[in-house]
Every structure is written in structure tokens, then in C-alpha cells.
Amino acid sequence: LFVSVDKQGTGFGSQLMQHAKAEHENLNLCVYKENSPSVSFYTKHGFKVVEERVDEHTGRVEFVMDWQR
């Protein structure tokens, strides 16, 4: 999820996440390990880290996260 900086912290991202979770049985995503605010957001919404790997395009460490109903 990408939420405009001026909308962050307003609950808008949580509303988008709730909608996505209502529409799907499972969701997965990649997020950079260093992006702790995003990792915290996804963890708060029930996502679990299922893999840690290096992004082949950037060389940065990323988490693969998964959520299942």
C-alpha cells in the first residue's frame, strides 16, 4: 500500500487494508526490512514475515509478508 504522506496516520491506510482483506482470502507483499513503519503497519494488520531476501533490482533486504483469513 502506498498512502500519500498527508494522509498517513489518519486511518486511511487501515481502511484500504480492511477493504483488501474483505475481498481476498490471502494477500502477500514485499516490504524493505529497513522500512520499520510499514513493517509495523502490516504486522498490526495480521501479516507474517514468511521470507527474508535481497531484492535483485536494488540489493536491499526485503521481507515477503503474507496474510491469510
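This report covers the nonpolar core and the salt bridges of a predicted model.

Residues are numbered from 1 along each chain as its sequence is written. In this predicted model, local features need pLDDT of at least 70, side-chain atom pairs count only at pLDDT 80 or more, totals for chains, interfaces and linings use all residues, and side-chain values use heavy atoms, with hydrogens and water left out.

**The core**

The largest nonpolar core has 10 residues, among them Leu29, Val39, Phe63 and Trp67. Such a core is a set of buried Ala, Val, Leu, Ile, Met, Phe, Trp, Tyr and Cys residues joined through side-chain atoms within 4.5 Å. Buried means under 20% relative accessible area, exposed over 50%, and partly exposed in between (1.4 Å probe, protein chains only). Phenylalanine 63 is in contact with residues beyond four places in sequence, including Val49 and Glu52. Contact means heavy atoms within 4.5 Å.

**Salt bridges**

There are four salt bridges. Each is a side-chain nitrogen of Lys or Arg within 4 Å of a carboxyl oxygen of Asp or Glu. The table includes some of them.

| Pair | Closest N and O atoms |
|---|---|
| Lysine 33 and glutamate 52 | 3.2 Å |
| Arginine 60 and glutamate 34 | 2.5 Å |
| Glutamate 62 and arginine 53 | 2.7 Å |

Side chains of opposite charge can pair when their charged atoms come close. Glutamate 62 is buried, at 7% relative accessible area. Glutamate 34 is exposed, at 55% relative accessibility, whereas arginine 60 is partly exposed at 33%.
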